[in-house]
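Hello,

Here is the structure we talked about. Please open it first, then read my notes below.

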Amino acid sequence: MIKAVMMMNTQGKPRLAKFYDFLPVEKQQELIRGVFSVLSSRPENVSNFLEIDSLFGPDSRLVYKHYATLYFVLVFDGSENELAMLDLIQVLVETLDKCFSNVCELDIVFNYSKMHTVLDEIVFGGQVLETRSDEIMKAVEEISKLEAASNSISLVPKSVSGWRGGR
Amino acid sequence: MDNLFQRSLEDLIKGFRLQLLGESSFISRALEEIRREVKATDLSTKSTALHKLSYLAAIHGVDMSWAAFHALEVVSSSRFHHKRIGYQAITQSFHDQTSVLLLITNQLRKDLNSVNEYEVSLALECLSRIGTRDLARDLSPEVFTLLGSSKSFVRKKATGVVLRVFDKYPDAVKVCFKRLVENLETSDPQILSAVVGVFCELASKDPTSCLPLAPEFFKILVDSRNNWVLIKLLKIFSKLASVEPRLGRKVAEPICEHMKRTVAKSLVFECVRTVVSSLSDHEAAVELAVAKIREFLVEDDPNLKYLGLHALSIAAPKHLWAVLENKEAVVKALSDEDPNVKLEALHLLMAMVTEDNVSEISRILMNYALKSDPLFCNEIIISVLSVCSRNAYEIIVDFDWYVSLLGEMARIPHCQRGEEIEHQLIDIGMRVRDARPQLVRVSWALLIDPALLGNMFLHPILSAASWVSGEYVEFSKNPYELVEALVQPRTDLLPPYIRAIYIHSVFKVLVFCLGSYFSAQESSSGSSSTVYESILNLVNVIEIGVWPLSGAYDVEVQERAKNVLGFIGMAKQDIAKNVNLQDNDAEACRVTAFMEDMFSEELGPISANAQEKVCVPDGLELEENLGDLEEICGKFLKPVESDSVSCTDKISFSVSKLRIRDQQEASSSSTSLPAKASSSLLAEHRKRHGMYYLTSEKNDPDSNGTPKDYPPANDLASEILLDPLDPKRKAKHRKSRPVVVKLDEGGESRITTSQAKTKQESVTDDESLSRAIQSALLVNKKGKEREKCEGNSNLVVQEEETSRIEKPQNSEKKKKKKKKKNGERTSGKHRSRRRSEVASSSEQVEIPDLLL
């Protein structure tokens, strides 16, 4: 099971944090800071895995990948394979790339809800659900279309249409 | 119209990045805005406000639990956009104690039944994150319907939610399990991987309940080419094979096939891990796995190197040959820059340690420790210490070498493991008589060095060194230098309790020297002046060194210093006389002899269970409430304020005598009225607020005589087992192993008891789930097999062609251990089975014959 997904930049600011077990917000922030302090002390060409029993409880492992200014972090337990989790980060980044074409940190900052949509298609309640990025993209696009459709109604206020129609 | 001027989430984020005021003031302003907006009646305003709030909660740690009801309102909107925002807020912030949780059931039900698959998926995700027992119970019919939905998108997600539902409400298994198992046969790879993922989790919790599904899993293992599915299946089989060893035999073949064939490193690693952890009896599979591990170890990719070492360490306990084959790679990995790799290499190296190579390996490791950063250095130290001290120093043959190694460790600059080294120094001193001379030598070297006194981490070691020097002073070559080291001015840096140990050791040395001086005096009538001078010197040095401490603030130090000075004062007169001490009435002589006697009694190691074996003497009440002592002893305790040391000493001693006497009186008078009219504050307070006090257990009729927890006494002496001398005398120049005193520790583990406790707690939660699964499978199997009974043999023959493993049903099989289900079907193929007694209370599971 996946326990948490985090994205943070190299100064420790979280850009996305999703915890699949409920935790109060202070604890969440504490964990984010803890993970950041561990990650920032890692040298460059080392393995991408860490044991972090002290932060997340027994049998917790962490895989992280450093892309430019972002750390992508996945926290999971013994029922997931480490290399498969590394692949999953790859899938996530590829999908984001397709979504935003040449994604950079700013895209992630300003498209908070879209990020969540993408992530929700990949990891569902702690389980990995979809690993093909084209399928994920299809679903994400459908959802965005639906959202846009439901949003556009609100742009035309009722009073205006009533005024036009009435007079 | 209201929300035209409302800031959207994008505006908020932009504003945050451009803000000139402090972050926290920006957030609090935004929060105020949100609080206003969220109360609006217009749903769009509400939802935008909620969206902003979720963002702030996730990224900036703002509490959003107060908005729970508003989230519900937003979710009830018919617009998808609002629903999404609402559900996101709910999944993020709801938990078991949220008060409005009950209200969400209907909304979820509506959305689960919706036509729009994306609304369904929103609801499913919400349920999977916040599902409680009630929600699971109420919504399991809907989940059941969705598990059979035609849209694979929906089915996939419904499978994902099943795990949570089962977890919270095990009875849902009766309803949904069948559909879940049907999904195992689906051709859609994503649904399959979801289902297998769910079973992986279920199998980790309770492997026996999933055992009947082994044939289905096996089929998929052989046929599937999807790596994700295969990985999960391997994990499932790893758990199943550990409860059912025969499964391992069948599964080893396909796993080896996969290992040879596949390109994906993740799959190779998972195969290797499965083989070395659960199939470790199958030699061929293990050899193939070790070959693959070797490939990993020589790769440049640090991930693969790390995983290779990790797999090797899993294999190490049963297959040490694998580790020894790869020894060079392991030693090389010790100097890798990746801390994970270094740690794994260290653990592997420790697993290789035996009697013969312990000194060589320790030498290598000490060199590494000197070169490494503090963290790794301490890891090395602690692992060497724990391996060498395992099982009462089983591995050590040459204790002299080991003791000097301990001294060396103390000198490593980054050493922070003072307590463990201290413990071992004292422990070896007590258990291994032959090592005492070396111990004293090493301790002397440590005590003399003034630099070590400044290092706070080494203080425990120094305290052990001083204790050892004092206790075994008869082995020291030069007590005078020892005493100088113990009273050197730099010892001011030590904390008081260690200082006290130093002073006491000085005292022991003094007694020893005086004793030998006096006995030399008695035996030889004349005394040489040099001996006289040296003893006088010794006494003076001690007096000068200890005198400043007699005014120390710490009571322990003060008391001991005064003791030593008093003793010196008395002895000095007798030394100074320097005349015939033939008359044994010399006071110093007698006292010295008495002290020597006291110190010569050997302190031995004590078993951890010793206290329990001591019988409590009659009349000693250990479980009485001591609250009433205040009234009785109050008048005696007051005059302990005077300044002179000797006065308080006398009073404290007498008070303690009084306390014991009065305690006995109190216990005998416990049956009298508890409410005494007394002036003590405690009693007054108790009178006024009596109802807030807990009832004392004085009038408990059970607490009479010896309580039940203390078993009758055993003779302690009979439990000291002497380790027989090591018969393997290898070479003449090698000393034989000295005698190590062991005791029956019987349950050394303070650590494992707590682990056992936590294991017990989690077991009871999962028991209900596993029972439900087993009963569901029983129903399934009954139904299925009755239909398939006739056609079964055909099926089996067919399957035999595809998989070489399955045997025909009718052959005789010997089963070592059979588990029998209640409510068994009595068809002909199932012959006599032994009723095996199983300790666990859960229902017993039958292993299907198909696989055997």
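A residue counts as buried when its relative accessible area is under 20%. Thr592(B) comes to 1%, so Thr592(B) is buried. Keep in mind that this is a predicted model.

**Around Thr592(B)**

Thr592(B) sits in helix 32 of chain B, which runs over residues 587-600. What does Thr592(B) touch, beyond its neighbours within four places in sequence? The contacts are Val511(B), Leu514(B), Gly515(B), Phe518(B) and Phe567(B).

**Chain A**

Chain A has 7 helices and 7 strands. Along the sequence, their order is β-β-α-β-α-β-β-α-α-α-β-β-α-α. Chain A has 167 residues, and 57% of them count as buried. Take the contacts in chain A between residues at least 6 apart in sequence: 50% of these join residues at least 24 apart.

**Where the chains meet**

Here is the interface. On chain B, 66 residues are in contact with 58 residues of chain A. Together the two chains bury about 5,400 Å². Carbon and sulfur atoms account for 56% of that area.

How many salt bridges cross between chain B and chain A? The rule finds 6. It also finds 22 residue pairs in polar contact across this interface, both residues at pLDDT 80 or more. The side of chain B that touches chain A holds 27 nonpolar, 21 polar and 18 charged residues.

One of the pairs is Lys156(B) with Glu130(A). Their closest N and O atoms are 2.7 Å apart.

**Salt bridges to look at**

Over all chains, the whole structure has 40 salt bridges. Start with Arg42(A) and Asp338(B), whose side chains meet at 3.7 Å, N to O. Arg42(A) is in the loop between helix 1 (25-40) and strand 3 (49-51) of chain A, and Asp338(B) is in the loop between helix 20 (327-333) and helix 21 (339-351) of chain B, so this pair joins two chains. Both Arg42(A) and Asp338(B) are buried.

Next, look at Glu82(A) and Arg273(B). Their side chains form a salt bridge at 3.1 Å, N to O. Glu82(A) belongs to helix 3 (residues 82-100) of chain A and Arg273(B) to helix 16 (residues 265-278) of chain B, so this pair also joins two chains. Are these two residues buried or exposed? Both Glu82(A) and Arg273(B) are buried.

There is also a salt bridge within chain B, between Asp138(B) and Arg137(B), at 3.6 Å, N to O. Asp138(B) has 28% relative accessibility, so Asp138(B) counts as partly exposed. Arg137(B), at 36%, is partly exposed too.

Now the network. Shared partners link Asp59(A), Arg61(A), Glu82(A), Lys235(B), Glu270(B) and Arg273(B) through salt bridges.

Arg61(A) lies in strand 4 of chain A, residues 61-67. Its relative accessibility is 12%, so Arg61(A) counts as buried. The side chains of Arg61(A) and Glu82(A) make a polar contact of 2.4 Å. Leaving out residues up to four places away in sequence, Arg61(A) touches several others, including Leu50(A), Ile52(A), Phe76(A), Glu82(A) and Arg273(B).

Helix 5 covers residues 80-93 of chain B. At 1.5 Å a residue, these 14 residues should span 20 Å, and the end C-alpha atoms are 20 Å apart, so the two values agree.

Helix 17 of chain B runs over residues 283-298. Its 16 residues should span 22 Å at 1.5 Å a residue, and the end C-alpha atoms are 23 Å apart, which agrees. Its buried residues include Ala285(B), Leu288(B), Ala289(B), Lys292(B) and Phe296(B). What covers the buried residues of helix 17? The cover includes helix 15 (245-261), helix 16, helix 18 (302-315), helix 19 (320-325) and helix 20 of chain B.

Best wishes

Definitions and conventions
Residues numbered from 1 in each chain as written. Chains lettered and ligands numbered in written order. Predicted model: local features only at pLDDT ≥ 70, side-chain atom pairs only at ≥ 80, totals over all residues. Heavy atoms only, no water. Helix = DSSP H or I, 4+ residues; strand = E, 2+ residues; numbered from the N terminus. Expected span 1.5 Å × (residues − 1). Contact = heavy atoms within 4.5 Å. Buried area = accessible area lost by both parts, 1.4 Å probe. Salt bridge = Lys/Arg side-chain N within 4 Å of Asp/Glu carboxyl O. Polar contact = N/O pair within 3.5 Å; in protein donor to acceptor, adjacent residues only side chain to side chain. Nonpolar A, V, L, I, M, F, W, Y, C, P; charged D, E, K, R; others polar. Buried < 20%, exposed > 50% of the residue type's maximum accessible area, 1.4 Å probe, protein only.
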